[in-house]
Amino acid sequence: MNSILIALHLLAAVIWVGGMFFAYMCLRPVAATQLEPPVRLTLWVGTFGKFFPWVWASVILLPLTGYWMLFAMFGGFASAPIYVHLMNALGIIMILIYLHVFFAPYRRLKQAVLSQDWPTGGQKLGQIRMLVGLNTLLGLITVAIASGGRYFG
C-alpha cells in the first residue's frame with residue numbers, strides 16, 4: 001500500500017509543480033512577448049481552465065496521501081522527522097495560495113476576458129503570475145526537501 005501512496009503522492013506533486021514551472025518559465029515569457037493582450041489573456045484563461053482541474057486533483061491527493069503516509073510510516077507528527085514537518089507546512093501554504101488564485105484573481109481574470117476588459121485582465125494575470133512564481137519556488141523547495149530531506153544535517 002505504501003508504494004501506491006508514494007506513487008500517487010509523487011505524481012500529484014510532479015503534475016502540479018511541473019505544470020507551474022512550465023507555465024512560469026516557458027509559456028509566460030513567450031506569450032508576453034509575442035501575443036497582444038486579448039489573445040494572451042484568452043490563452044491564459046484557456047490554459048488555466050485545462051490545468052486547474054489537475055491542480056484540484058493534486059491538492060486533494062497530496063494531503064490525503066501525505067497524511068496517510070505520515071501516520072502509517074511515522075505514527076503521526078510527534079515521531080516524524082523535521083523534513084516531513086517542513087513538507088507539510090510548505091504544502092499547506094501552497095494549497096492556500098492556490099485556493100486564493102483560483103477563487104480571486106483567476107475568477108476575476110475570466111470575468112475580465114468575457115467582458116473584454118483587457119486592462120483589468122492584465123492586472124489579474126499579473127497577480128496570478130506573482131503567486132504562481134511564489135508557488136513554483138515553494139514547490140521546488142518542497143521537492144528538494146522531499147527528495148533529500150532525510151540526508152540533510
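T136 is a buried residue, with a relative accessible area of 5%, where buried means under 20% relative accessible area, exposed means over 50%, and partly exposed lies in between, as found with a 1.4 Å probe and protein chains only. The model is a predicted one, in which local features need pLDDT of at least 70 and side-chain atom pairs count only at pLDDT 80 or more, while totals for chains, interfaces and linings use all residues. Residues are numbered from 1 along each chain as its sequence is written, and side-chain values use heavy atoms, with hydrogens and water left out.

T136 belongs to helix α5, which covers residues 118–148; helices (H or I, at least four residues) and strands (E, at least two) are DSSP runs, numbered from the N terminus. The side chain of T136 reaches the backbone oxygen of V132 at 2.7 Å, which can be read against the definition of a polar contact: a pair of N or O atoms within 3.5 Å, where, within protein, one must be able to donate a hydrogen and the other to accept it, and residues adjacent in sequence count only if both atoms are side-chain atoms. If neighbours within four places in sequence are set aside, T136 is in contact with M20, F21 and Y24, contact meaning heavy atoms within 4.5 Å.

Of the 153 residues in the chain, 37% are buried. Among the contacts with a separation of 6 or more, 73% are between residues 24 or more positions apart.

S58 lies in helix α2 and counts as buried because its relative accessibility is 2%. The side chain of S58 reaches the backbone oxygen of A12 at 3.0 Å, and, apart from neighbours within four places in sequence, S58 is in contact with A12, I15, W16 and P63.

What, then, lies on the outside? I92 has its place in helix α3 and counts as partly exposed because its relative accessibility is 40%. Finally, Q116 is found in the loop between α4 (105–114) and α5, and Q116 counts as exposed because its relative accessibility is 57%. The phi of Q116 is near 55°, a positive value in a residue other than glycine. Such a value stands out because most residues other than glycine have a negative phi.
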